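Dear colleague,

I am handing over the structure below, followed by my notes on what was found in it. Please read the notes with the coordinates open beside you.

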Amino acid sequence: MLTPEGIPIMTTEPIAFYDDPDVLTRYLEARGRRDDGNRVIEEPHIRVMIPDMRRKRVLDLGCGDGRFARTAAREGAASFHGVDGSEAMLARARAGSGWAAATWECRNLESWEAGDSVYDLVVSRMALHYVVGLDRLLRAVRRALIEGGSLVFSVEHPMVTCHYPTDSGEGAADRWTVMDYFSKGPRRCHWLGADVWKQHRPLADYVGAVLADGFQLVSLSEGEPDSSSFGDTASYRSRKSIPAYLIVRALAV
Ligand SMILES: C[S@@+](CC[C@H](N)C(=O)[O-])C[C@H]1O[C@@H](n2cnc3c(N)ncnc32)[C@H](O)[C@@H]1O
C-alpha cells in the first residue's frame with residue numbers, strides 16, 4: 001500500500017503512530033512505570049555498551065522525546081544530534097533538553113543521510129525494528145562515523161517480532177508463539193491501543209547487516225533480566241521467559 005506521494009505506508013506509519021496524541025500519551029505513561037521493560041532491562045544492557053561519551057559527537061537515530069540527550073550532556077558529550085520522524089516526539093525533545101549543544105532533525109530514517117556531519121558515536125534505541133531499509137541506513141551510518149567510532153543500538157528481540165502476525169495474517173496467536181521465524185518482513189502489531197508495522201528480522205539478519213558494511217561486531221546481548229532490578233519475583237520470572245531486547249555494539253573499521 002502506498003501513500004498519495006507513492007511512499008510505502010509501512011515506512012511512514014510508525015511515525016504517524018508516534019504522532020498520534022493518544023498513542024504518545026500511553027507510550028510516555030508506559031515509559032514512566034517502575035517496571036517498564038526499557039527501564040529494567042534495555043537500559044542497563046545498553047548502558048554498559050555505550051563507550052565514554054566525554055567530548056564525543058553523538059548522533060541518536062529515532063531519538064524519540066530526546067531523553068538520551070540528557071544522559072549525553074551529563075556524561076560530557078561535546079554535541080548531540082537527535083533524528084526522529086515524529087514531530088510530536090521532537091517537540092518534547094526540544095522542550096526538555098535545555099542543552100545548547102543539542103540539535104534536532106525531523107526526518108524519516110528510511111531516507112536519512114548525515115550530509116557533511118561526522119560523529120564519534122551513533123546510538124539508536126528501540127527504533128531500527130521499524131525501519132524497512134536497515135542495510136541502506138547502516139551504510140549511511142557507517143559513512144557518518146569516524147573510523148573507530150561506535151554504533152550501539154537496541155531493537156525488539158526477533159523472538160518478540162516473530163510473535164506478531166505476518167502480512168498475510170499468519171502467526172496470529174493468543175499465546176506467545178514463535179511463528180514463521182524465518183519469514184522476514186513486516187508484522188502487524190497491536191500496541192498502545194493502535195496498530196503499527198514492525199519489521200521482523202531473524203537474529204542472524206541483524207548481525208549480517210552490521211557485518212556487511214564496514215562494522216566489526218564487538219558485543220551482543222539478548223537482554224537477560226537481572227533479578228535485582230525487579231520489585232517482585234512474578235514479573236522477574238515472566239520477563240525471564242522470553243528475550244525482549246537485542247542490543248548490539250559495533251565498531252566502524
Ligand atoms: C520506541 S520509540 C524510542 C524512542 C527513543 N529512542 C527512546 O528510547 O526513548 C521509537 C522511535 O522511533 C521513531 N521512528 C520509528 N520509525 C521511524 C522512521 N522510519 N524514521 C524516523 N523515526 C522513526 C518513532 O517516531 C519513535 O520516536
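I begin with histidine 163, which lies in the loop between α7 and β6 (helices, H or I with at least four residues, and strands, E with at least two, are DSSP runs numbered from the N terminus). At 14% relative accessibility, histidine 163 counts as buried, where buried means under 20% relative accessible area, exposed over 50%, and partly exposed in between, with a 1.4 Å probe and protein chains only. A polar atom of the histidine 163 side chain lies 3.5 Å from the backbone nitrogen of threonine 177; a polar contact is a pair of N or O atoms within 3.5 Å, and within protein one must be able to donate a hydrogen and the other to accept it, while residues adjacent in sequence count only if both atoms are side-chain atoms.

Some conventions belong here. This is a predicted model, in which local features need pLDDT of at least 70 and side-chain atom pairs count only at pLDDT 80 or more, whereas totals for chains, interfaces and linings use all residues. Residues are numbered from 1 along each chain as its sequence is written, and side-chain values use heavy atoms, with hydrogens and water left out.

The ligand

The ligand is surrounded by 21 residues, of which the closest are Arg31, Gly62, Asp84, Leu109 and Arg125; a residue is near a molecule or strand if one of its heavy atoms lies within 4 Å of it. Sorted by class, this shell has 10 nonpolar, six polar and five charged residues, where Ala, Val, Leu, Ile, Met, Phe, Trp, Tyr, Cys and Pro count as nonpolar, Asp, Glu, Lys and Arg as charged, and the others, Gly among them, as polar. Both α1 (9–19) and α2 (21–32) supply at least two residues of the shell, and α1 gives the most, with four residues.

Salt bridges

The structure holds 14 salt bridges, each being a side-chain nitrogen of Lys or Arg within 4 Å of a carboxyl oxygen of Asp or Glu. In one of them the side chains of aspartate 65 and arginine 67 meet at 2.8 Å, N to O; aspartate 65 is buried, with a relative accessible area of 10%, whereas arginine 67, at 27%, counts as partly exposed.

Another salt bridge joins the side chains of arginine 139 and aspartate 213 (3.8 Å, N to O). This pair links distant parts of the chain, 74 residues apart, with arginine 139 in helix α6 (residues 134–144) and aspartate 213 in the loop between α8 and β8 (215–221). Arginine 139 is partly exposed at 37% relative accessible area, and aspartate 213 counts as partly exposed at 21%.

Aspartate 205 and lysine 184 also meet through their side chains in a salt bridge (3.1 Å, N to O). Here too the pair links distant parts of the chain, aspartate 205 being in helix α8 and lysine 184 in the loop between α7 and β6, 21 residues apart. Aspartate 205 is partly exposed, with a relative accessible area of 26%, whereas lysine 184 counts as exposed at 53%. Salt bridges that share partners join Glu42, Glu43 and Arg125 into one network.

Backbone angles

With best regards
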